Amino acid sequence: YLFERNPGYRKLVDRYRSQWAGAKGDAERNIVARKARIHLSGEFGEQIARHALAPLGGRIETQGRTFVGDDGRYTKTDLLITDLRVPVILGRGEGMGAPVGGSMAFEVKCGKAQYLYSQMDHMVFQSEGHKQADAQCTLCSRDIQDLSPEKQKELRDTLREAGSPMVGMLPRKNEIDKSCLDFIRPNEEEQP
């Protein structure tokens, strides 16, 4: 769907397909696969969230800038949905619900458990860009469940306190990676 309707995504896929086809040996193919897992999979995770949530609102904004502080620093909000058509409840607690006509802001993080944990401070900073919305959260891959109970609690509590609770509802990073890599590789026999 994205390949057919999103020129930017098609360009990215075509670039990795070309690099894969031109790779000389496993080492070069592994480099292409690594780049695709980083860039293609992250964009794919964001697009999953965008297309799943878009029908709820009248307007969708991606990568909108919000200035934080007086020093010119800003954060980009992955997804802002405004003019909600229906009331939405993302979960329990403050900032987890929005009325008809309201808005929702999301950060989308797709990664393995340790990556998600390592991004905690950055996600807290990014949550500043969500505060203009009625409801806000950080959507992540289900890999969050692979953290130890202590680290998972720390991450979830920290983001809840920052005002953008973490919700692990995206597919696991390995599943997204596999889908993206299968899409750029010509056939199964050539896959490392």
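Visitor: Which residues does Asp177 touch, not counting residues up to four places away in sequence?

Guide: Touching means contact, with heavy atoms within 4.5 Å. Leaving out residues up to four places away in sequence, the partners of Asp177 are Arg37 and Ser41.

Visitor: Before we go on, what kind of model is this?

Guide: Residues are numbered from 1 along each chain as its sequence is written, and side-chain values use heavy atoms, with hydrogens and water left out. Local features need pLDDT of at least 70, side-chain atom pairs count only at pLDDT 80 or more, and totals for chains, interfaces and linings use all residues, for this model is predicted.

Visitor: Back to Asp177: is this residue buried or exposed?

Guide: Asp177 is found in helix 7. Buried means under 20% relative accessible area, exposed over 50%, and partly exposed in between (1.4 Å probe, protein chains only). Asp177 has a relative accessible area of 6%, so this residue is buried.

Visitor: Within what arc do the buried residues of helix 7 fall?

Guide: Those buried residues are Lys173, Ile176, Asp177, Cys180, Leu181 and Ile184. You look down the helix axis and take the directions from it to the C-beta atoms. The buried residues of helix 7 line one face of the helix, because they fall within an arc of 125°.

Visitor: And which elements do the buried residues of helix 7 pack against?

Guide: Helix 2 shows up from both sides here: its own buried residues pack against helix 1 (2–5), helix 3 and helix 7. For the buried residues of helix 7, the partners are helix 2 (7–22), helix 3 (26–53) and strand 6 (135–141).

Visitor: Which exposed residues sit on the face of helix 2 turned away from its buried side?

Guide: Start with the buried side, made of Tyr9, Leu12, Val13, Tyr16 and Trp20. They fall within an arc of 95° seen down the axis, so they line one face of helix 2. The face turned away from them carries Pro7, Lys11, Ser18 and Ala21.

Visitor: How many disulfides does a search of the whole structure find?

Guide: A disulfide needs a pair of cysteine sulfur atoms within 2.5 Å. Searching the whole structure gives a count of 0.

Visitor: For Cys110, which cysteine has the nearest sulfur?

Guide: Cys110 counts as buried, because its relative accessibility is 11%. Cys110 is in no disulfide, and at 8.2 Å away the nearest cysteine sulfur is that of Cys180.

Visitor: How far away is the nearest cysteine sulfur for Cys140?

Guide: Cys140 is buried too, at 0% relative accessibility. Cys140 is in no disulfide, and the distance to the nearest cysteine sulfur, that of Cys137, is 9.2 Å.

Visitor: Which residues does Ile60 contact, leaving aside its neighbours within four places in sequence?

Guide: Ile60 is found in strand 1 (residues 57–67). With a relative accessible area of 25%, Ile60 is partly exposed. Leaving aside neighbours within four places in sequence, its contacts are Arg50, Ala54, Leu79, Leu80 and Ile81.

Visitor: What value is phi of Asp83 near?

Guide: Asp83 lies in strand 2 (residues 74–84), and it is partly exposed at 46% relative accessible area. Most residues other than glycine have a negative phi. Asp83 has a positive one, near 55°.

Visitor: Which residues does Ser127 touch, not counting residues up to four places away in sequence?

Guide: Ser127 lies in the loop between helix 5 (120–126) and strand 6. Its relative accessible area of 1% makes Ser127 buried. Not counting residues up to four places away in sequence, Ser127 touches Ala162 and Ser164.

Visitor: Now the whole protein: what is its radius of gyration?

Guide: The secondary structure comes to 7 helices and 7 strands. The radius of gyration is taken over C-alpha atoms, and the globule rule is 2.2 Å times the number of residues to the power 0.38. With 192 residues, a compact globule would come near 16 Å, which agrees with the value for the protein, 18 Å.

Conventions:
Helices (H or I, at least four residues) and strands (E, at least two) are DSSP runs, numbered from the N terminus.
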